[in-house]
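Dear colleague,

Here is the structure that I promised to pass on to you. Please have it open while you read the notes that follow.

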Amino acid sequence: MAQPDTVTRILDTAEVLFAERGFAETSLRNITSKAKVNLAAVNYHFGSKKSLIQAVFARYLDPFTTRFHAALDELEARHRQDGSEIPLEELLETMARTVLEVPAERNSLKVFMRLLGLAYSQAQGHLRRYIQEEYGSVFTRFTELVRRATPELPDAERFWRLHFVLGTVIFTLSGLDALRDIAEQDYHEHVSVRDLVRRLRPVVVSAMQAPLPEPPAQQEVS
């Protein structure tokens with residue numbers, strides 16, 4: 001019984017500290033001190049800080065990938081019956097619903113979003129490779145379905161818009177506590193996570209469907 005408890009305690013502590021401080025700023029000694037375990041325990045169960053970071057992501061991304069594949073299977077089966085492509089709004093709604101379901105099994109939505117943000121902003125090469133190798137299939141599948149739903153967008157434009165949308169979602173949900181406080185204090189609104197997602201959905205859909213930007217003006221050659 002002691003061994004699983006030790007592993008869980010290390011992972012719980014590591015994910016919170018990584019989300020608060022970042023990867024480089026969080027040392028193994030920070031983690032062992034707060035988790036009340038010795039360094040040998042971390043080395044025994046994980047082998048290295050790199051493997052510990054990967055294990056923290058796996059706790060969220062393993063159930064997310066399983067659920068998201070299943071949700072996309074259901075969407076594709078339903079639309080296959082009438083031969084239609086899956087609308088963009090349904091794809092984004094499905095992803096949002098899956099994102100909301102997974103943290104209930106782990107720590108919190110805020111931690112999950114901050115970790116995803118770190119994966120983009122602070123990720124070392126090993127983490128990018130790990131996420132691509134272990135979870136790339138579900139993101140590739142989603143991107144292909146988005147491509148079919150937005151055939152009017154050039155590939156490069158779609159790439160940027162998806163990342164603008166992802167950045168918006170991560171920033172909003174990782175700062176959820178502060179935004180709730182502002183909404184309550186300034187606007188007397190009590191906002192649930194699902195209320196926030198309901199408001200966010202039309203914004204990100206509109207961003208994906210916005211007109212293409214004007215091409216840059218070419219400089220005159222004198």
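In this predicted model, α4 and α6 are oblique to each other, because their angle is neither under 35 degrees (roughly parallel), nor over 145 (roughly antiparallel), nor 65 to 115 (roughly perpendicular). Helix α6 covers residues 109-121, and it packs against α4 at an angle of about 120°, with the two axes 11 Å apart; axes here are lines fitted to C-alpha atoms, for helices over the stretch in contact, and angles run from 0 to 180 degrees between N-to-C directions. The helices themselves are DSSP runs (H or I, at least four residues), numbered from the N terminus. The crossing of α4 and α6 is left-handed, a word used when the near helix is turned anticlockwise from the far one by less than a right angle, whereas clockwise gives right-handed. Val56, Phe57, Tyr60 and Leu61 of α4 meet Val111, Phe112, Leu115, Leu116 and Ala119 of α6, where contact means heavy atoms within 4.5 Å. These residues divide into nine nonpolar, no polar and no charged, with Ala, Val, Leu, Ile, Met, Phe, Trp, Tyr, Cys and Pro counted as nonpolar, Asp, Glu, Lys and Arg as charged, and the others, Gly among them, as polar.

The axes of α4 and helix α5 (residues 88-101) come within 10 Å and cross at roughly 150°, which makes α4 roughly antiparallel to α5. This crossing of α4 and α5 is right-handed. The residues in contact include Phe64 and Arg67 of α4 and Glu90 and Leu91 of α5, and the residues of this contact divide into eight nonpolar, three polar and four charged.

The largest nonpolar core has 64 residues, and Leu52 and Phe57 have the most contacts inside it; such a core is a set of buried Ala, Val, Leu, Ile, Met, Phe, Trp, Tyr and Cys residues joined through side-chain atoms within 4.5 Å. Its largest share, eleven residues, comes from helix α4, residues 49-80. Leaving aside neighbours within four places in sequence, Phe57 is in contact with Phe23, Leu115, Leu116, Ala119, Leu127 and Ile131.

Thr150 lies in the loop between α7 (125-149) and α8 (155-174), and at 1% relative accessibility Thr150 counts as buried (under 20% relative accessible area, with exposed over 50% and partly exposed in between, for a 1.4 Å probe and protein chains only).

Residues are numbered from 1 along each chain as its sequence is written. Local features need pLDDT of at least 70 and side-chain atom pairs count only at pLDDT 80 or more, while totals for chains, interfaces and linings use all residues, and side-chain values use heavy atoms, leaving out hydrogens and water.

With best wishes

How values were computed
Helix = DSSP H or I, 4+ residues; strand = E, 2+ residues; numbered from the N terminus.
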